Amino acid sequence: MLLLCLAAASAARAQTPSQAPLSGFHHTRWSLADGAPSGVISLAQTQDGYLWLGSAAGLYRFDGLHFELFAPKLPSDSISSLLALRDGGLWIGYRGGGASLLDYNGELHHYGEAEGLPPWRVWKLEADTRDIVWAATDRGLYRLQGERWQAAGETSGFAGRRVFTVLADAAGTLWVGSADGLYTRAAGATRFVRLDQPASIVGSLAQGPDGAIWSGGAHHGLRRFGGIRGAGSWPLGGSAQQQPLLLPDRDGGLWLARDSQLLRIADSRRLGAGAAPESLAEVYGDGDLSGEPWCILQDREGSIWVGSSRGLDRFRANPLRMVVEQSGAIAAAGGSDLWVMNPQRGLLRIGAVNRHYDGGAARDFSHLYREPDGTLWLGSPSGLWRLAGDKLESVPLPLPLPLPVSPASGDDGIAALMRDRSGGLWMSVPRAEVGVWRLAGGVWAPWGGRDDLPHAPVLSMAADAAGRLWFGYADHRIACLDGARLRVYGAAEGLQIGAARVLYSRAGKADVWAAGPSGVARFDGRRFAPLIGDDGDAFRGVSGMVESAAGELWLNGAAGISRIAAADLADVRSNPHHPVRYRRFDTNDGLDGGAAQVGPLPSAAETEDGRLWFAAGSGIVRTDPAKLRSNRLLPTVLIRAVRADDEQPLAPARQLRLPHGTTRLQIDYTATSLAVPERVRFRYRLEGVDTRWQDAGTRRQAFYTNLGAGHYRFQVIASNDAGLWNNTGTTISLDIAPAFYQQPWFAAAGVLALLGLARLLHLLRLRQIAAQLRVELVERHRERERIARELHDTLLQGVQGLVLRFQSLANELPPEAMLRQRMDIALERADRLLAEGRQRVAELHATASDITDLAESLELLGRELAQERAIDFRLSIEGSPRALQPLLQDEVHRIAREALINAFVHSDAARVDVLLGYDRGGLRLRVRDDGVGIDEAILKAGGGAGHGGLAGMRERAVRIGGSLAIVSSLMAGTEIDLSVPARRAYRGSISVFRRA
């Protein structure tokens, strides 16, 4: 015995739907070959929109396209019942006893004998209005209190031993069906009341939208309690042991499943006294179900799901309903009736009163045209006909008019008819030598009496509200006859539809529409503008169009029937190139095949009751725009798995940390819109990579490559089959851990290493420069020593010999002789010059090694100069004295000596101060006097003639890498300031291991 059930899940591909003839429901089935489990015993839909399937093979979930086996270990794979909770949880009952709760966090909690549940089959799980969970088992009725299950014993008035079903209605009343009959317990009561006398087996319970409780069971059949229609009872045919499945749907229909059949009573109110349910029911999927029905469920979007012995079936209400098999030309008749040209039966009038008009030999009508006064004209390859009363009358054609005698094929025979404002009837015959004729006063006029009409095959004609006549040609042109004025439009005027097979203008409307194999265009008063969908669709192959009384535009094309809302048409009128939103109806909506691309025409019509009719490949379908339902339920968007670098997929979480080195991502997502999942569309973006939304269409995977370490946020949104978007969607945060070389400390270490290397190279360069400078200084010192030797050995020795010679000559003269006195004066001067020359030669011999301490040597030099000229001299030292580079110390000493000599000899100063400073920045030497100063012109000239010492000091300063500043003004003294950087001045500063 198998019952009404509430749960299921997993994934699979959708099969080509099987459509029952004249059925109002679209039927899709899935079997084991599609990934569905066999033996679906229970169904449920959770808050996230997933459909869950319980079977003997385990627990599955289904998103409309893919079945997925629930991986966590359950106590048993044989599932007998499912219950979806309001908080998102799912209860799972087992054939062998016990139950599990899968809570909204995804955690499993198991209940068995230790928690009070007997080891017997759980037939049904139910939650009442107080969220108390009840279990119908083979050993009675149980309810969960806290963490334990307690039996409803005889003390509560319940005597049932084998309970098959339990139902909590909207009012809080509990209904229990068992092998002992039907029990109820009102809300707030503590005892059950038994309703069955005598007892009968109750196997299924359900509540309808009007509040009525329906009961189905062996022996007693179908019963109703309460509701608008009151109580009732109806026997059911078939085996008395077969328990029926019941489902009252939200439209007032009642579904019954038993004996391998699925029945629907469209209006359960029609069940009156003595009515047999089977006589009022339509059979759905008879012989075409995936298997014997075992459970039934209506989902939140209104689709009916049936779990069977071999798979899963879905029944979704079709917006289109087939009314006539085999299609032909159609035209609106009076009221709600429709004229139909059926290839097998001839002319039909269907609607309130169905009539058949036998056209005899003229059953091959390819065109129907109904005038505003109701006159119906019929064109065929064999002639022109008119319906007069109940008879078809043949209308004489202009002679000779070569009409083909074969059945209509393409453009054979009469293609279009049109009545103009003055009462003339226009007829087009594309294959005739004269393609257009006009009938007025019983006379046919070739080309309508116009010599300027293009002499080309005319495929379509229409008259607009302004009285203009429009002609569509096979050569991709359209002509407009406005009174006496003719205008022809082509590609230069925006026509890009191909051969103009359809021209349409609704009575009283200004719009003129044209359609052909390549698309649809609208005339905006000056030129034609193509009609383009917001997804780029060009609406190709349209052979019929209707602008409804509600202002919507309906197109019957090769891809299906398209509806464009009035608001979107208004946008097109204000901006002819505005992309339009539209809704497409196809095989998923009850349409079997697209519109015919050649005659018969027209293939779309609107009757006076507002219903629309369309001729498709396999028949004629009908819809009522006023009753069309749009799916207003936004899809729930879910991320199914994340795969990093082709590794095993990771379970989705709000935040995932991925291993370092991850460069590729595959993100699987879905949306639980089960009505028409094939139409669900997606957009996604990865913040940190995408600057805008990526349109994925119907694809349910996102791929990314060449990713680096960092934080990313993936967001995906989806639209349902009606085009409504869930703009919130779902998000997941992804953190790709950096490799060690991507860590901040590694980057910092790299920067430090580069800086260290740069510092090392810089110091090496300084050492190289210092070595070069040392070599240059040594060479210069050697050159000075050579010059000193040459001067001492040649010039000074020679001069000394001359002085001695002149001294001997002077000694020969008497002391009182004037010449002797003058020679003695000259010889004294010569001795002084020799002494000064020897001093200069000694200076050339001197080296830095001779200067043991710079401060001490400057002190001695200053004291000697001060004693000769009675000038006050002071030397001060700042900082801690440091050892200087030997050659640099020699150059600094020479600069200081030159500055001191200038101050003592030329400045006429009263005081000379010397400052020698040692600090971290470098060496500083300052020589300052309070003398007469140096002329500004001499300073600007850099020394000049007679002042070579200043230029020499500057040259020496540049040579040692220092800077020399000379500040002086007349009568205000002079200050000479030398600065040398520490890395050049101090000994040991040019090193890779020490800093100055």
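This is a predicted model: local features need pLDDT of at least 70, side-chain atom pairs count only at pLDDT 80 or more; totals for chains, interfaces and linings use all residues.
Helix H5 spans residues 854-869. Its 16 residues reach 23 Å from the first C-alpha to the last, close to the 22 Å expected at 1.5 Å a residue. The buried residues of H5 are Leu854, Ala855, Ser857, Leu858, Leu861, Gly862, Leu865 and Ala866. Because these residues cover an arc of only 160 degrees around the axis, they lie on the same side of H5. The cover over them includes helix H6 (886-906) and the strands S65 (872-878), S66 (911-919) and S67 (922-929). The face turned away from the buried side carries the exposed residues Leu860 and Gln867. At the N-terminal end, Asp853 caps H5, with a side-chain oxygen 3.1 Å from the backbone nitrogen of Ala855. Just after H5, Ala870 takes a positive phi of about 55 degrees.

We now turn to the aromatic rings. A search of the whole structure finds 32 aromatic pairs. One of them is the tilted pair of Trp255 and Phe315, 5.9 Å centre to centre with 45 degrees between the planes. This pair links distant parts of the chain, since Trp255 belongs to strand S23 and Phe315 to strand S28, 60 residues apart. Trp255 counts as buried because its relative accessibility is 0%; Phe315 is buried, with a relative accessible area of 1%.

The rings of Tyr684 and Phe714 have centres 5.7 Å apart and planes at 35 degrees, so this pair is also tilted. Tyr684 lies in strand S60 and Phe714 in strand S63, so the pair ties together parts that are 30 residues apart in sequence.

Terms used:
Residues are numbered from 1 along each chain as its sequence is written. Side-chain values use heavy atoms; hydrogens and water are left out. Helices (H or I, at least four residues) and strands (E, at least two) are DSSP runs, numbered from the N terminus. The expected span of a helix is 1.5 Å times one less than its number of residues. Buried means under 20% relative accessible area, exposed over 50%, partly exposed in between (1.4 Å probe, protein chains only). The arc is that of the directions from the helix axis to the C-beta atoms. Contact means heavy atoms within 4.5 Å. A polar contact is a pair of N or O atoms within 3.5 Å; within protein, one must be able to donate a hydrogen and the other to accept it, and residues adjacent in sequence count only if both atoms are side-chain atoms. Rings of Phe, Tyr and Trp (its six-membered ring) pair if their centres lie within 6.5 Å; planes under 30 degrees apart count as stacked, over 60 as edge-to-face and the rest as tilted.
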